[in-house]
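Subject: Structure for you to look at

Hello,

Here is the structure I said I would pass on. Please open it alongside the notes below.

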Amino acid sequence: MPDAMVADSASTATSGGATQEVDVAVVGAGFAGLYLLHRLRKAGFTALVIEEAGDVGGTWYWNRYPGARCDIQTVDYSYTFDPELESAWKWSEKYATQPEILRYLGFVADRYDLRRDIRFHTRIKAATWDQAAERWQLTTDHGAAISCRHYIMATGCLSAPKPPEIEGVKDFKGEIYFTGRWPHHEVKLAGKRVAVIGTGSSGIQAIPLIAEQAAHLTVFQRTPNFALPAHNGPPLLDRVAALESDRAGYREQARWSMVGVPWPPASVVSWQLSDAERRERFEKAWAAGDLVHMLTQLWADQGVDVDGNALVAELIREKIRAAVKDPETAAALSPNDHPFGSKRPCLDTNYYATYNRPNVSHVNLRQEPITSITASGIKTGKRSFDVDVIVFATGFDAMTGAITAVHPITGRDGQSLSQVWANGPQSYLGLTVAGFPNLFMITGPGSPSVLSNMAVSIEQHVDWVVERLAAMRDAGFSTIEATAAAQAGWAQHMADCSTLTLHRLANTWYTGANVPGKAQGVMPYTGGVGPYRSICNEVVGRGMLGFRLTGANGAQQCNDGEVVRLQPDVRLVLNMLADMKLPPIESMGADGARAFVAQFNAGRPAGRLVGEIVDGSLPGADGPLPYRLYRPATPGPHPVVVYFHGGGWVLGDEQSDDPFCRDMCRRTGMIFVSVGYRHGPEHPFPAAAEDGYAAAKWIAEHAADLGGRPGPVMVAGWSAGGNIAAVTCQLARDRGGPAISGQLLVCPVTDCDLDRPSYRENAEGYFLTKSLMAWFWDMYCPPGDRTDPRASPLRGKLSGLPQAFVVTCEFDPLRDEGIAYAQALAAAGVPVEQFNARGQMHSSYTMVDVVITGVSGRVQMAEALRRFAGLTPESRSGDEGARPGSDGLAA
Ligand SMILES: Cc1cc2nc3c(=O)[nH]c(=O)nc-3n(C[C@H](O)[C@H](O)[C@H](O)COP(=O)(O)OP(=O)(O)OC[C@H]3O[C@@H](n4cnc5c(N)ncnc54)[C@H](O)[C@@H]3O)c2cc1C
């Protein structure tokens, strides 16, 4: 690291002295370290904070560049642990400047008398776990060594500046500054030729102010970023009023929100809005000058769907084109290589307009990379620029840099953290690492950290850690360590979360892509602040799940396991349903249950547009049946799929799986005809089965009249509809037609045995319960008839059936009978593929646009149907990366 980067750290030589013994040592005196010290003292621990800087403040001590401000509104970017502190401090601006935030942190340090336990101007040089003593031994570059029971890294996600990767920096004869290590003295730029390298958050904040002073400013940009106008000013009256009218409620809402700022999530999706409505929402967000507003309030799919995201991105690019007069510069400033929000967007004041100034020029490093820095300036592949000052706004070795790059940490059995993390950071909850007992990270990789209002995330981590330490002490435990299984489970959950959002599609410091040679992967937890908090609480509630605790005389406690095995969005849905405390569906009676399902369906997102929807009626086994036909927008004639809805032969109708039918119609390019068959108890077995068969026969015979491709049809169904689809195939084989080229069975009922392991494991808590399934059987089929293959197709003859694709979900009582059916079909010589969906529940695939992780399964279902129809595989764009790797396909 060049000297200038640490010019103000004023490290001095190590001095000796006896080792200082404390219960807890904390590195870092920023937002996190200060609050930790306060909480640790209150909990009765002896604690010491070690800080490289000359005073408190962390980020706000180091980042003194012109224009440095927070980008979360300051009413939200504050401590909340003490209402009296909140009343004692008033912010002067919507987004406070660095000096004001630094004053605030100094005020906090004074108020709680924190500085007396902080060793400033001191760097931790190495930390080593002493197994025999069960303590961490720390060496420093200043003052005595330290021995502590617990070692807490409050080292910050953005505190290790990234050294420039350019040849010749040392040769430059002018002044060099780093935004992340800006000097304390005034930097005079007036009349000078200044170069700024980097256009991330810091560059975008500094550039307009540097341009106002410099004789000429040249901005060197590798990657353009999305920037929104801050519209700074006094704190917004509505936010302040909302806070002051119910401070506790406001803060609590922030803690359980997705990003740590109390905005309710948008519920409307982009395709439900007209162009004009979308523009109106966008203009409102642009005028609000608030990142969180723009990231969360436009439409629900903007962060999870490339199409929904592209709409926002283009509206922002339109603003850039309107602000920047030179079209070439505007194009160079317009981000095209990453979805909006997949990199942290910036908040600016006059950033784009600055490029209209005559003293500002822009160099696009994608077209002419910097080749070297010389004594007089900067050389690109095409030109040389003589400058007096170079400002590096090149960012940080984020999230892991301050933990591993700055000092060696050696854990149990001599393991080095840098080596353990060589292929990317591994952690349990972003708080601890297996193999490193009694080591904690505040906002470490694997926690929401930089994707959140960090004030909220820091408080949550500090509270969790201090409460755990106190509980351990009270229970007589001296060490705590994450288990390898828990950590591996967390890595899987992190990966599942990142398939949900668009962060995976950007090369950014979130993924380590900005540091050459750094292992890549999404480092922050993308599942949201509130869900993360509930998981941390769950770990405690389940007896410190995934941790091994040890104490004197061989005392041990280890409750091993993975805290989240559900897909993240499934977990959210199930938690939401649990919070609603609904009575069991089976207690509502058939009519009550039908009314409930209708109301439930009315609240779900509308399905996407298809070419045409036609309602009609067809002859069933005993009278007309309604149907709804979904036709693709592509030219026909299309292959035809006869679809049977779910609902336990009691609930639902031809429209109740509308989002699923629309989605599959779009993905497959096929006509879906959803049939409204008769239900129990009014029409008991075999009414539904016979209706299914009659409907398939009629549709096959009238395929051409319906605009479909004549010839064999396919059948598909979910749940009880899967049962009817399977039965229809058996009846069609036995009764001489219709010809069926394939069957798609999604979580089908195949047997009346309610005693399989999946019924026991998933009896409750996953929406479809064992008791509800028993009720469905009672409503539909008398016990004596249940072994009839028209009720339990698993008990029928299976040879000679059409090829099948059978979907089962891990957390579904019906899982094992679906697997059994697939295995029995294979044994009978029927070509079959079975898709085991990890972490999904019975309703996952039909909750289109709610359970986003269901996309990958539907892509595979669509591919199967296309194979059945003899078409080439094809999946719609927008599903990139949405295929969880460990879902299994078995032949
Ligand atoms: C310019 C800028 C603007 C930001 N704006 C926002 C915002 O608006 N909202 C938001 O939520 N977040 C923002 N952040 C993120 C910000 O880092 C956090 O909000 C918060 O300040 C982090 O606090 P911390 O205590 O965890 O870490 P830091 O404030 O980074 O403090 C860590 C401290 O640890 C010290 N340290 C590290 N290693 C060692 C060592 N080996 N020995 C001794 N000392 C060490 C460092 O010197 C540093 O002082 C911003 C970051 C930057 C850079």
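Predicted model: local features only at pLDDT ≥ 70, side-chain atom pairs only at ≥ 80, totals over all residues.

The ligand site

There are 35 residues around the ligand, and E51, T59, D71, Y77 and M454 come nearest. For D71, a polar backbone atom is 2.5 Å from an oxygen atom of the ligand. Y77 uses its side chain instead, with a polar atom 2.5 Å from a ligand oxygen. At M454 a polar backbone atom is again involved, 2.7 Å from an oxygen atom of the ligand. The ligand taken alone exposes 970 Å², of which the protein buries 97%.

The shell is made up of 17 nonpolar, 12 polar and six charged residues. Helices α1 (31-42), α2 (59-62) and α15 (454-475) each supply at least two of the shell residues. The most comes from α2, which gives three.

Helix α25

Helix α25 runs over residues 815-827.

The buried residues in α25 are R815, D816, E817, G818, I819, A820, Y821, A822 and L825. Their cover includes the helices α22 (720-734) and α23 (757-761). Strands β27 (740-746), β28 (804-811) and β29 (832-841) are also among the elements covering them. Just after α25, G829 has a positive phi of about 85 degrees.

Regards

Definitions and conventions. Residues numbered from 1 in each chain as written. Heavy atoms only, no water. Helix = DSSP H or I, 4+ residues; strand = E, 2+ residues; numbered from the N terminus. Expected span 1.5 Å × (residues − 1). Buried < 20%, exposed > 50% of the residue type's maximum accessible area, 1.4 Å probe, protein only. Contact = heavy atoms within 4.5 Å. Near = heavy atom within 4 Å. Polar contact = N/O pair within 3.5 Å; in protein donor to acceptor, adjacent residues only side chain to side chain. Areas by Shrake-Rupley, 256 points an atom, 1.4 Å probe, with all protein chains shown as cover. Nonpolar A, V, L, I, M, F, W, Y, C, P; charged D, E, K, R; others polar.
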